[in-house]
Amino acid sequence: MNENLAGEPPHVLAVTADPTVAQQLPDQLGQEFQVTVVQTANAALATLEETSDVQCVVSDHELPEVDGISLLEAVRVQHPNFPFIIFTGEGSEAVASRAIHARVTDYLITDRFDNQWDRVTELIKQAIEFHRAQSNLADIEVRLQEILQALPDGVVILQDDSIESANQEARDIDGIGDTVDLVGCSLVEVIPAYDKFSEDKLSGISKG
């Protein structure tokens, strides 16, 4: 599941067994998205397996064999944060609770909106944009860790008095093994004042 090429509309996988809705989805969403419609959860999972550019799933809750939340749970096993929107014509607290517990991106009761298709379009856009932003943040964090580990000097990153990250050089200086989790530890826990650093230097480090 990757982003489409620049300039192409986002690819949305729609899942519904209702023939009327199946016809409406491409007509109503086609101006904003590339829409593929399938009728069952198994067909949806097969499409996700075979197609790499799907950016959001929009599923009816009422499906044959298994419902939309069961499909969501199956998708979450492989793609924990993938945009997934469930819509239903008849909402209930039990269904909403299951959907939230399965970490649905959004849940829409279609008959509560005067213009349901505008609402669906907006929810899809928001879900895709949020997922992209989260992915970009993850990519930046990975790159920062790569730079940190490549530095020749020992570097420890602090937030207040807690360690957020430390590169291998810092671990080697302090004789800390790779199995020790430094995240969340206080600096004084891993750099004793009597060892390689004076109390003045330790205090200076702690203050940033």
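A: Helices and strands here are DSSP runs, helices of at least four residues and strands of at least two, numbered from the N terminus. The model is predicted.

Start with the sheet. Five strands make an open sheet, in the order β2-β1-β3-β4-β5. The pairing is parallel. β2 (34-38) and β5 stand at the edges with a single partner strand each, so one side of each has no neighbour in the sheet. From one strand to the next, the twist averages 20°.

β4 (residues 84-88) pairs with β5 in the parallel sense, over four bridges. Within this pair, Ile 85 stands opposite Asp 106 of β5.

Next, the helices on the sheet. α3 packs on it and touches β1, β3 and β4. The direction of α3 makes about 175° with that of β4. Helix α2 (residues 41-50) lies across β1 (11-15), β2 and β3. α2 runs at about 160° to β1.

Two loops complete the picture. The loop between α4 (93-101) and β5 (106-109) holds Arg 103. Arg 103 is not a glycine, yet has a positive phi of about 65°. Its relative accessibility is 44%, so Arg 103 counts as partly exposed. Glu 65 is found in the loop between β3 (54-60) and α3 (68-78). Glu 65 is not a glycine either, and its phi is positive, about 75°. Glu 65 is exposed, with a relative accessible area of 71%.

Conventions:
Residues are numbered from 1 along each chain as its sequence is written. This is a predicted model: local features need pLDDT of at least 70, side-chain atom pairs count only at pLDDT 80 or more; totals for chains, interfaces and linings use all residues. Side-chain values use heavy atoms; hydrogens and water are left out. Buried means under 20% relative accessible area, exposed over 50%, partly exposed in between (1.4 Å probe, protein chains only). Two strands pair if DSSP finds at least two bridges between them. Axes are lines fitted to C-alpha atoms, for helices over the stretch in contact, and angles run from 0 to 180 degrees between N-to-C directions. Contact means heavy atoms within 4.5 Å.
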